[in-house]
Amino acid sequence: VFPPRTESPPGIRAEQVPGQPPGTFIAHNVTPGTYSLGWEIIGDAPVYFKSVLVEGIVMQQSFRLDQPPLRPIEVVWGLATGVITGMVTNSKMEPASDVTVVAMGNRGSRYATSGPDGRFRITAVPPGDFRVYAWEAIPLYSWQDPAVMQRDGSKGIDVHVDDGGNA
C-alpha cells in the first residue's frame, strides 16, 4: 500500500509513523487555519479513511486550528477492507445476470454487476453498516439521486461488514 498522494501547503508533510501499524501517518509543521482532508486512491486499493487525531482528539474530515498543535496530527488509514457477496435472482428464483448491485453506507457506496450465474462480489468495502440494493436496469450512479432512493430506499437488505470481514 502506498501513502496517499497529498497536495499540501508548503512546509506540511505527512509520513508513516514509526512503530505504528501501516496506514498511520503524521503531519508536521501545521499552522493555524481551517483544514479539509482530501485524498485520492488510485486503483482498487483495499484502504479506507479511519480517523484523524488532533491533540489526541478524533476530528472529522474538516477541522479548525486556532494555534499550532503541540503534537503532530495523525491520519489513520484502515488496511483491512471487507467483501459483500451474494446472488441475485429474478421473480422465478432463477439467477439474474447483469444486475447492478449497490452497497450504500455512511462511508459512501460500492457497486458490482452480477455474473451469468447471478453471483456478485463487492470488494474494498470499509467496515460499517450498509443497505444493499439490486436493479436490473439503472443508469450508473443514479442511485445517488434522492428521488431514486425515496422510491427504492425501503427495498434494500441491511448488512454489516467488520474490519476485513465478509457479508
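**View A. An open sheet of four strands, in the order E10-E9-E12-E13, with antiparallel pairing.** Strand E10 (108-113) and strand E13 (157-161) stand at the edges with a single partner strand each, so one side of each has no neighbour in the sheet. From one strand to the next, the twist averages 30°. For such angles, axes are lines fitted to C-alpha atoms, for helices over the stretch in contact, and the angles run from 0 to 180 degrees between N-to-C directions. Strands of a sheet pair through backbone hydrogen bonds, either parallel or antiparallel. Here two strands count as paired if DSSP finds at least two bridges between them. The strands (E, at least two residues) and helices (H or I, at least four) are DSSP runs, numbered from the N terminus. Let us look at one pair: strand E9 (residues 100-105) and E10 run antiparallel and are joined by six bridges. Within this pair, Thr100 stands opposite Thr113 in E10.

A word on the model before we go on. This is a predicted model, in which local features need pLDDT of at least 70 and side-chain atom pairs count only at pLDDT 80 or more, while totals for chains, interfaces and linings use all residues. Residues are numbered from 1 along each chain as its sequence is written, and side-chain values use heavy atoms, with hydrogens and water left out.

**View B. Strand E4 (residues 48-54) is mostly covered, with five of its seven residues buried.** Buried means under 20% relative accessible area, exposed means over 50%, and partly exposed lies in between (1.4 Å probe, protein chains only). E4 pairs with strand E7 (residues 73-78) in the antiparallel sense over five bridges, and Tyr48 has Gly78 of E7 as its bridge partner. E4 also pairs with strand E5 (residues 57-59), again antiparallel, over three bridges. There, Val52 stands opposite Met59. E4 and E5 form a hairpin with two residues between them, and Glu55 in the turn has a positive phi of about 55°.

View C. A salt bridge is a side-chain nitrogen of Lys or Arg within 4 Å of a carboxyl oxygen of Asp or Glu, and the count comes to seven. In one of them, the side chains of Lys50 and Asp163 meet at 3.9 Å, N to O. Lys50 counts as partly exposed because its relative accessibility is 41%, and Asp163 is partly exposed with a relative accessible area of 41%. In the other, Arg71 meets Glu55 at 3.7 Å, N to O. Arg71 is partly exposed at 46%, and Glu55 is partly exposed at 28%.

**View D. Ser114 sits in the loop between E10 and strand E11 (119-125).** At 3% relative accessibility, Ser114 counts as buried. Contact means heavy atoms within 4.5 Å. Leaving aside neighbours within four places in sequence, Ser114 is in contact with residues including Val88, Ala96, Val99 and Phe120. Arg119 is also one of the contacts of Ser114, and Arg119 forms a salt bridge with Asp117, their closest N and O atoms being 3.8 Å apart.

**View E. Tyr35 and Phe63 are one of six aromatic pairs in the whole structure.** Rings of Phe, Tyr and Trp (its six-membered ring) pair if their centres lie within 6.5 Å; planes under 30 degrees apart count as stacked, over 60 as edge-to-face and the rest as tilted. Tyr35 and Phe63 are stacked, at 5.9 Å centre to centre with 25° between the planes. Tyr35 is in strand E3 (residues 33-36) and Phe63 in strand E6, 28 residues apart. Tyr35 is buried at 18%, and Phe63 is buried at 6%.

**View F. Tyr111 and Tyr141 form an edge-to-face pair, 5.7 Å centre to centre with 85° between the planes.** Tyr111 belongs to strand E10, whereas Tyr141 lies in the loop between strand E12 (128-135) and H1. Both residues are part of one aromatic cluster with Tyr133, Trp135 and Trp143.
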